[in-house]
Amino acid sequence: AMMSNLEEVSSVRERERGYESALEEAGLAPVRLERVDPKGTGLTEAIRQSARRLFDQPEPPTAIFAANDPEALRLLPILGEMNLAVPGEVSVVGFDGWLRWLPGGGILTSAGQQFERMGHLAAKLLLQRVHEGEPRTYRHLILEAPLILKGSTQAPALRAAKSERTDWLEEIES
């Protein structure tokens with residue numbers, strides 16, 4: 001599943017499209033996109049409500065990709081409150097790579113944005129404009145966001161298939 005937000009910014013919508021296309025390429029469907037709406041409740045409670053909706057489904061997710069690290073970090077203790085082990089029962093992945101600046105880097109697996117490179121390119125483009133004037137065309141720069149693997153992810157455990165039948169128990173006992 002993906003836990004996103006209502007921000008109408010291109011980076012959030014592009015992450016959603018990337019999530020959907022990756023699932024499609026892997027032959028996985030349907031897409032479970034849960035948009036967190038903090039109006040009236042606050043962000044943490046909105047994430048809690050979204051998590052409950054996801055895990056109340058007949059086939060709950062084995063992993064959640066959050067649109068950003070703050071949402072993923074709020075989600076981790078909520079999953080604990082729901083008695084779901086991270087990463088044993090569900091993996092969590094964020095986007096930003098914020099925790100890489102902490103000693104040890106924290107436990108959150110995250111797609112790491114290259115903040116230093118963004119700053120370098122922004123300064124370079126600004127200086128280019130100062131010296132050369134407005135460009136005739138604008139460029140959309142896309143930088144890689146390498147995955148920083150930490151302790152919030154692992155391969156999903158195989159779930160036992162749910163069965164409505166109990167007659168197999170009678171066969172074993174006889």
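Modeller: A word on residue classes before anything else: Ala, Val, Leu, Ile, Met, Phe, Trp, Tyr, Cys and Pro count as nonpolar, Asp, Glu, Lys and Arg as charged, and the others, Gly among them, as polar. The model is predicted, so local features need pLDDT of at least 70 and side-chain atom pairs pLDDT 80 or more, while totals for chains, interfaces and linings use all residues. Residues are numbered from 1 along each chain as its sequence is written, and side-chain values use heavy atoms, leaving out hydrogens and water.

Biologist: Which residues line the second largest pocket, closest to its centre?

Modeller: A pocket is an open set of points on a 1 Å grid over the protein atoms alone, where a 1.4 Å probe fits, with protein on both sides within 12 Å along at least five of seven lines; lining residues have an atom within 4 Å of a point. Volume is the space filled by probe spheres set on the points, which are joined across faces, edges and corners. Here the second largest pocket holds about 590 Å³. Of its 21 lining residues, E14, F95, Q113, I142 and L143 are the closest to the centre. The lining has twelve nonpolar, six polar and three charged residues.

Biologist: Which element gives the most to that lining?

Modeller: Helices are DSSP runs of H or I with at least four residues, strands runs of E with at least two, numbered from the N terminus. Helix α1 gives the most, seven residues.

Biologist: Is E16 buried or exposed?

Modeller: Buried means under 20% relative accessible area, exposed over 50%, partly exposed in between (1.4 Å probe, protein chains only). E16, at 4%, is buried, whereas R35, at 37%, is partly exposed.

Biologist: What separates R48 and E45 in helix α2?

Modeller: An α-helix has 3.6 residues a turn, so residues three or four places apart point the same way. R48 and E45 are three residues apart in α2 (43-55), which means about one helical turn. Their side chains form a salt bridge of 2.7 Å, N to O.

Methods
A salt bridge is a side-chain nitrogen of Lys or Arg within 4 Å of a carboxyl oxygen of Asp or Glu.
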